[in-house]
Amino acid sequence: MYEQFRARANGVGAEVYRFKTRDESLEFVLQLMQQEGVTRAPGFSAIWAACPFLAGIDLAQLTERIPGLSFDVNCEAAAQALVGITEMDWAVADTGSLVADQSAIEQRLASTLPVIHIALIRTDRIVADKTALFQRITPKTSRYIAFITGPSRTADIERVLTIGVHGPKRLVILFIDEMEGVDK
């Protein structure tokens, strides 16, 4: 199902990568932030919403390596961030969509306000379609279910497509096969 998801997500402008371990994916995230020029300067910072992926990771060490990376997600920080990082709950193969219970405001802020959204997800959380998804989640128990399909896009009445008007201009999805020490 990963290949189907990847093809669909790439088709709507997302970038999709797959890593065997959490450590490999973490290194990719850190390098990506360095390449994008994440710093403490307004408009160039990064925010990382609390998530199971971070369990057991030395956050102080990460902020030393990437000046401008913060784990304190609030509206002001998100509005000024270049990069936002969140963990998704599910991936829907037939649409290339990510799905998350974003009842926590920090998840919404980090996934919608920054220019670049890095979405982390376990590879074993891919489902075939929405029918399979709604066998696992229900709107009755989740207050805010978000579906994310590609970077933000909108078109005017003349069908002129614009990317990033109502959300991130770039969506980078990282699938992780093995998440040692992380339970979701």
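Six strands form an open sheet in the order β1-β12-β7-β4-β2-β3, with parallel pairing. At its edges stand β1 (15-21) and β3 (69-70), each of which pairs on one side only. The model described here is predicted.

Within this sheet, β2 and β4 run parallel and are joined by four bridges. Helix α1 (residues 2-11) touches β1 and β12, and its direction makes about 150 degrees with that of β1. Helix α5 also packs on the sheet, where it touches β2, β4 and β7; the direction of α5 makes about 130 degrees with that of β4.

The nonpolar residues may be considered next. The largest nonpolar core has 26 residues, and those with the most contacts inside it are Met 33, Trp 48, Phe 53, Val 83, Ile 118 and Leu 120. At least two residues of this core come from each of α2 (22-35), β2 (45-48), β4 (81-87), β7 (116-122) and β12 (170-178). Helix α2 gives the most to the core, namely five residues. Met 33 illustrates these contacts: leaving aside residues up to four places away in sequence, Met 33 touches Val 38, Ala 46, Ile 66, Leu 69, Val 83 and Ile 85. There is also a second, separate core of 17 residues, which includes Met 88, Ala 119, Ile 126 and Ile 148.

Two individual residues deserve attention. Leu 174 is placed in strand β12. Because its relative accessibility is 0%, Leu 174 counts as buried. Beyond residues up to four places away in sequence, Leu 174 touches Tyr 17, Phe 19, Ser 25, Phe 28, Val 29, Ile 118, Ala 119, Leu 120 and Ile 121. Leu 174 and Arg 22 are 152 residues apart in sequence, yet their C-alpha atoms are 9.9 Å apart in space.

Gln 102, by contrast in setting, lies in the loop between β6 (97-101) and α5 (105-112).

Methods. Residues are numbered from 1 along each chain as its sequence is written. This is a predicted model: local features need pLDDT of at least 70, side-chain atom pairs count only at pLDDT 80 or more; totals for chains, interfaces and linings use all residues. Side-chain values use heavy atoms; hydrogens and water are left out. A nonpolar core is a set of buried Ala, Val, Leu, Ile, Met, Phe, Trp, Tyr and Cys residues joined through side-chain atoms within 4.5 Å. Buried means under 20% relative accessible area, exposed over 50%, partly exposed in between (1.4 Å probe, protein chains only). Contact means heavy atoms within 4.5 Å. Two strands pair if DSSP finds at least two bridges between them. Axes are lines fitted to C-alpha atoms, for helices over the stretch in contact, and angles run from 0 to 180 degrees between N-to-C directions.
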